[in-house]
Amino acid sequence: MATAKVIFATITGNNEDVADIITEKFEALGVDVTQEEISQADATEFEAVDICVVVPYTYDEGALPEEGLDFYDDLQELDLTGKIYGCAGSGDTFYEDDYCRAVTDFSNVLKKTGATKAADDVFVNLAPEGDDITHLDAFVEQLVAAQAK
């Protein structure tokens, strides 16, 4: 059975909702998945799973979540070759060029670990609803399909 870890950071609860949708879809697809808030997580936990997912919020003008800075730094020290990864998260289009920048930043650092990006990053404007849920479900399906290869 495939395994996955979903790490999220949230202030408003929107990213926890995004993480919940992702986790529920993994469960529906028969993946053994755990979900954890980023300040409680250790980046090395990704070494023990097949699929790694990060769901960060972007603070202010493009900043990473403060409680996720250690996690972000620790990721850079890992070799996750052979792992599948994906990143998703909510943001606010009000911030224009900085909209969901942390999602892109985490995606870039995961790529540097040697992990394989198996789905496009998903940006959710504020709370996930409607098409966002469809996109998040497809995101998980792509991650699972890539891991099964």
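**Largest nonpolar core**

In this predicted model, the largest nonpolar core has 26 residues, and the members that touch the most others are Phe46, Phe71, Leu75, Phe106 and Leu110. Two or more residues each are given to this core by strands β3 (51–55) and β4 (84–91) and by helices α2 (69–75) and α3 (101–112). Helix α3 supplies the largest share, five residues.

**Surroundings of Phe46**

With neighbours within four places in sequence left aside, Phe46 is in contact with Cys52, Val53 and Val54, and also with Phe71, Leu75 and Leu110.

Another core lies apart from the largest one and holds 24 residues. Among them are Val18, Val31, Ile51 and Ala119.

**Packing of α1 and α4**

Helix α1 (residues 14–28) packs with helix α4 (residues 131–148) at an angle of about 45 degrees, and their axes are 9 Å apart. Because of this angle, α1 is oblique to α4. The crossing in which α1 passes α4 is right-handed.

On the α1 side, the contact is made by Val18, Ile21, Ile22, Lys25 and Phe26. From α4 come Ile133, Leu136, Asp137, Phe139, Val140, Glu141, Leu143 and Val144. Sorted by class, the residues in the contact of α1 with α4 are ten nonpolar and three charged, with no polar ones.

Methods
Residues numbered from 1 in each chain as written. Predicted model: local features only at pLDDT ≥ 70, side-chain atom pairs only at ≥ 80, totals over all residues. Heavy atoms only, no water. Core = buried A, V, L, I, M, F, W, Y, C linked by side-chain atoms within 4.5 Å. Buried < 20%, exposed > 50% of the residue type's maximum accessible area, 1.4 Å probe, protein only. Helix = DSSP H or I, 4+ residues; strand = E, 2+ residues; numbered from the N terminus. Contact = heavy atoms within 4.5 Å. Axes fitted to C-alpha atoms, helices over the stretch in contact; angles between N-to-C directions. Parallel < 35°, antiparallel > 145°, perpendicular 65-115°, else oblique. Left-handed = near helix turned anticlockwise from the far one by under 90°. Nonpolar A, V, L, I, M, F, W, Y, C, P; charged D, E, K, R; others polar.
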